[in-house]
Each structure stands twice: as structure tokens, then as C-alpha cells.
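Subject: Handing over the two-chain model

Hi,

Here is the structure I promised to pass on to you. Have a look at it first, and then read on for what turned up when I went through it.

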Amino acid sequence: MTEDTILTRDAAATHRAGAALGRVVEAGDVIALSGGLGAGKTALVQGLAAGLGVSGHVPSPTFNILLVHPGALPLYHFDLYRLERPDELVDIDFWETLESGGVSAIEWADRFPGELPVDRLDVVIDVVDETTRALHPTGTGSRSRLLARRWLAEWRTDTGRVAG
Amino acid sequence: MTLYLALDTSTEELAVGLGSFTPEGAHLIGEVNLDVPRASLTHLVPSIERLVASADLRVRDIGAVIVGRGPGSFTGVRIGVATAKGIAQGLGVPLYGVGTLDAIAERFAGRDGLLGVVSDAMRHEIYPALFRCSNGEVRRLTPHRVAPPEVVAEEWAALGEPLVITGNGLSKYADVFTATMGGEVSLAHEAMWAPTGQALLAAGWRARAAGEAGDGDVATVLPVYTRLSDAEVNERVRSGITGSTGATPASGVAGPARETRP
């Protein structure tokens with residue numbers, strides 16, 4: 001376990017980790033999530049939405065593929081699980097949405113690794129045990145590396161508050 | 001006198017124009033140009049209704065429709081073309097297509113010299129087109145295509161001629177052009193990057209005068225996507241259409257094309 005890992009003991013903690021990310025993201029940030037069914041991708045995005053000030057329910061977009069939530073910044077919540085081919089990304093206006101000035105969170109981003117933006121925050125969620133998750137953020141460019149550092153710092157501040 | 005409705009939603013700017021054609025050119029009755037990023041669908045039909053009403057006319061007075069076919073925002077192009085087809089079909093009037101970049105170029109009709117129009121294609125690419133403006137004429141020199149801005153800047157620098165560049169591709173890549181082309185290039189003000197209702201009418205007039213606007217058949221006016229999806233490329237291979245390698249056919253059109261090449 002490296003110091004760049006966020007360990008969450010339950011779904012509520014994963015939600016809190018997402019909220020910490022939501023407080024440090026900026027317009028145009030892209031977060032690419034991977035991890036198996038039940039890993040907590042949607043829980044993390046629900047926290048992200050809360051951190052962005054999105055009010056209302058944030059359901060899984062598995063059926064809709066893309067759900068848009070107005071907040072401090074628009075949140076574009078993708079789920080690529082049901083897409084079969086990269087060209088279907090054209091039909092959902094994938095790249096234009098990513099570059100339209102909101103924050104994009106992409107579940108099952110690892111289905112089309114070649115189609116993701118060059119500079120993005122990859123977050124791999126590992127299932128440690130029934131409730132514990134390990135979140136591994138990796139920036140793939142200068143912008144997303146900075147975001148990863150700011151997220152980790154925000155998370156440590158937050159856990160310090162919760163523990164104290 | 002036929003009343004023309006012109007519309008384009010391929011950029012973040014919604015453009016609607018109402019006018020008529022004379023032998024000398026397009027006569028503008030009114031236009032609505034709105035900066036509505038990702039919201040053209042909400043504003044398009046109300047803008048048309050408002051424009052028609054403000055001219056003391058009714059929608060059924062419209063005698064022909066002109067639509068900007070792109071390239072540009074994928075969703076925007078589809079909204080514009082689909083709406084234009086619906087209106088033309090519903091009214092039983094002809095539909096004519098013009099290139100969105102051609103309409104942008106019309107805004108520079110009063111100048112002389114080379115004009116480059118660059119539209120943002122996302123993923124670090126642009127839709128570039130070169131035009132020659134002289135004596136009020138606007139002539140397109142290059143076909144529809146998609147390319148990285150660095151490649152286009154190198155090509156245009158090699159022309160060795162002063163060039164004005166416009167289009168929303170400048171919002172991200174202005175530096176690329178100024179760095180590569182130095183003193184040969186001047187960048188248009190942001191207010192000149194998008195088509196207007198008036199420019200669409202002018203482009204429609206020019207295309208019709210040159211016999212390049214088609215026969216008005218609603219079914220044969222197609223969007224210009226330029227970047228074909230894999231599915232469309234596969235379909236072309238299956239149906240035996242040659243000359244398309246997955247890059248860009250000159251027409252940029254997916255489907256049964258009857259297209260005028262520049």
C-alpha cells in the first residue's frame with residue numbers, strides 16, 4: 001500500500017472520498033473510474049456530486065449511459081458498461097462533452113482505454129474485503145497529477161477532521 | 001418573392017436568418033444570433049417563431065429552407081439538419097444545404113485575400129478550410145477534412161501569403177498558428193468566428209447561383225461529419241463504396257451522397 005492510496009472502510013467513507021474530490025476538481029477535469037461490479041464506482045461519483053454541490057439523487061447511469069447533473073460545475077456522469085464499440089462514443093457526443101467545461105466522471109472507462117483524453121485522473125478501485133476499498137488515483141498528465149495531489153491532501157484533511 | 005429561412009446550430013452560436021434572394025444577392029429581413037453553448041435545441045424553434053413574428057409574417061410564408069450542414073459540434077449538426085428537414089418537409093418546401101465553414105467565410109466577403117476557417121473538432125483536431133475572397137466573391141479552395149492544428153498551420157505557412165484566420169478552433173489553438181506562421185497571419189476577433197443568419201443566407205444565395213446547392217430535395221441534404229465513425233466506414237466497405245479509407249471522403253458525407261465538391 002503506497003501513500004498515494006485512499007483506503008475506505010465502508011461505502012460511506014468511499015462517498016466521503018468522492019466528496020473530497022468534488023471540492024478540488026476544476027472545469028474540464030476528467031476522472032476515469034475502473035473496478036469491478038460492486039467496487040463502489042457509483043458511490044464515489046455520488047460523493048463527487050455532493051462535493052460539487054449537486055442536489056438530488058445521483059443514480060447509476062448504466063441504463064442511460066450519460067446523466068448530467070447541474071452543480072457548482074456541471075457533472076457529466078458516464079457509464080460505458082453497455083457500449084460495445086468505440087464508435088458508439090461518437091453517438092453519445094463523448095469527446096465534446098468532456099471538453100465542454102464541466103467535470104466528467106466515467107465509469108467503466110477501461111473498456112475503451114484508447115479513447116480517453118491524454119490528461120485524465122485514473123482511479124482504480126480495488127476490493128480489499130467485503131466493505132474495505134483501496135482507491136488508487138493516477139494522473140496521466142500534469143493537470144491530473146496536480147488534481148491527484150490535491151485530492152489526497154483534501155482527503156487527509158477530511159479524515160483528520162473525522163478522526164478528531 | 002420566395003421567403004428563405006436559414007439556420008445553423010453547428011457551433012455554440014445559434015444562427016437564424018430570414019430573407020429573400022435578388023439577382024444581386026441575399027436580402028436580409030431579420031436575424032437572430034445567440035451564444036447558447038449546448039442549448040441550441042432549446043432556443044432554435046422559439047427563435048424561428050420570434051423572428052418570423054417580428055417580421056409580421058407566419059411560418060407558413062416560408063418558401064425555402066437553408067441549413068448549415070457542418071462540420072462542427074456533432075450533436076449541433078444533427079439538431080440543425082434534423083430541424084431544417086422537419087420544417088421543410090412539414091411545409092412542403094425545398095431544403096438547401098450550405099457548409100457551415102462557407103457561411104463563416106461569407107462574413108469576410110468584403111475583404112481581399114486568403115481566409116482560413118478553423119472549427120474545433122475536439123481531441124486536438126480542427127476542421128480547416130481555405131477560402132479566397134476577392135471583389136465580393138468567396139471561393140472555397142480545399143475540401144472538408146479533419147486534421148491536427150499543427151499540420152494545418154504548417155501547410156498554411158508554406159503558402160507564403162498573408163492569411164486571416166477565423167473560427168472557434170482559435171479558442172484553443174491561436175498560439176499554434178501565430179507561432180508557426182508569424183507575421184503572415186492575423187487572427188479574427190471572436191465576434192467573427194461563427195456563422196450568422198445573414199451569412200447563411202449569403203452562402204445559400206452563392207451556392208444556388210453557382211448551382212451547388214442541390215435540387216431542394218429534403219432527403220438528399222446530409223450532414224457533414226467529416227470524421228466518419230467506424231460503423232459508417234464498415235458500412236461503406238460492405239456496400240462497396242470505394243475511395244473511403246476511414247479518413248475523410250471529400251464530401252464528408254455518410255450515406256448516399258450526391259455532393260458538390262469544391
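Predicted model: local features only at pLDDT ≥ 70, side-chain atom pairs only at ≥ 80, totals over all residues.

Ala32(A) belongs to strand E2 of chain A, which covers residues 30–34. Is Ala32(A) buried or exposed? Ala32(A) is buried, because 25 other C-beta atoms lie within 10 Å and 20 or more are enough to count as buried. If you set aside the neighbours within four places in sequence, the contacts of Ala32(A) are Ile106(A), Ala109(A), Leu116(A), Arg120(A), Leu121(A), Asp122(A) and Val123(A). For a sense of distance, His15(A) is 17 residues away from Ala32(A) in sequence, and their C-alpha atoms are 16 Å apart.

**The sheet of chain A**

Next comes the sheet. In chain A, 7 strands make up an open sheet with mixed pairing, and their order is E1-E7-E6-E2-E5-E4-E3. Why is one side of E1 and of E3 in chain A left without a neighbour in the sheet? Strand E1 (6–8) and strand E3 (66–69) stand at the edges and have a single partner strand each, so one side of each has no neighbour there. From one strand to the next, the twist averages 20°.

Strand E6 (residues 121–127) and strand E7 (residues 133–139) of chain A are antiparallel and share 7 bridges. Within that pair, Val127(A) sits opposite Arg133(A) of E7(A).

Two helices of chain A lie across these strands:

- Helix H1 (residues 11–24) of chain A lies across E1 and E7 of chain A, at about 145° to E1(A).
- Helix H2 (residues 41–51) of chain A lies across E2, E3, strand E4 (75–79), strand E5 (103–107) and E6 of chain A, and runs at about 170° to E5(A).

**Chain B overall**

Now to the other chain. Chain B has 7 helices and 10 strands. Of its 262 residues, 46% are buried. Among the contacts in chain B with a separation of 6 or more, 67% are between residues 24 or more positions apart.

Chain B is divided into two parts: domain 1 (3–101 + 195–220) and domain 2 (110–192). Their centres, taken over C-alpha atoms, are separated by 24 Å. Where the domains touch, domain 1 of chain B supplies 6 residues and domain 2 of chain B supplies 7 residues. On the domain 1 side, those residues are 2 nonpolar, 2 polar and 2 charged.

Two parallel pairings involve E9(B). Strand E9 (residues 163–166) of chain B runs parallel to E10(B), joined by 3 bridges, and Val164(B) stands opposite Ser186(B) of E10(B). E6(B) and E9(B) are also parallel, with 4 bridges; here Leu114(B) has Leu163(B) in E9(B) as its bridge partner.

The crossing of H4(B) and H5(B) is right-handed. H4(B) contributes Pro149(B), Glu150(B), Ala153(B), Glu154(B), Trp156(B) and Ala157(B), while H5(B) contributes Tyr173(B), Val176(B), Phe177(B), Thr180(B) and Met181(B). By type, the residues of this contact are 8 nonpolar, 1 polar and 2 charged.

**Where the chains meet**

Last, the contact between the chains. How many residues does each chain give to it? Chain A and chain B give 9 residues each. On the side of chain A that touches chain B, 3 residues are nonpolar, 1 is polar and 5 are charged.

How values were computed:
Residues numbered from 1 in each chain as written. Chains lettered and ligands numbered in written order. Nonpolar A, V, L, I, M, F, W, Y, C, P; charged D, E, K, R; others polar. Buried ≥ 20, exposed ≤ 12 C-beta atoms within 10 Å, placed from the backbone. Left-handed = near helix turned anticlockwise from the far one by under 90°. Domains from an automatic or database assignment. Pairing = 2+ DSSP bridges. Axes fitted to C-alpha atoms, helices over the stretch in contact; angles between N-to-C directions.
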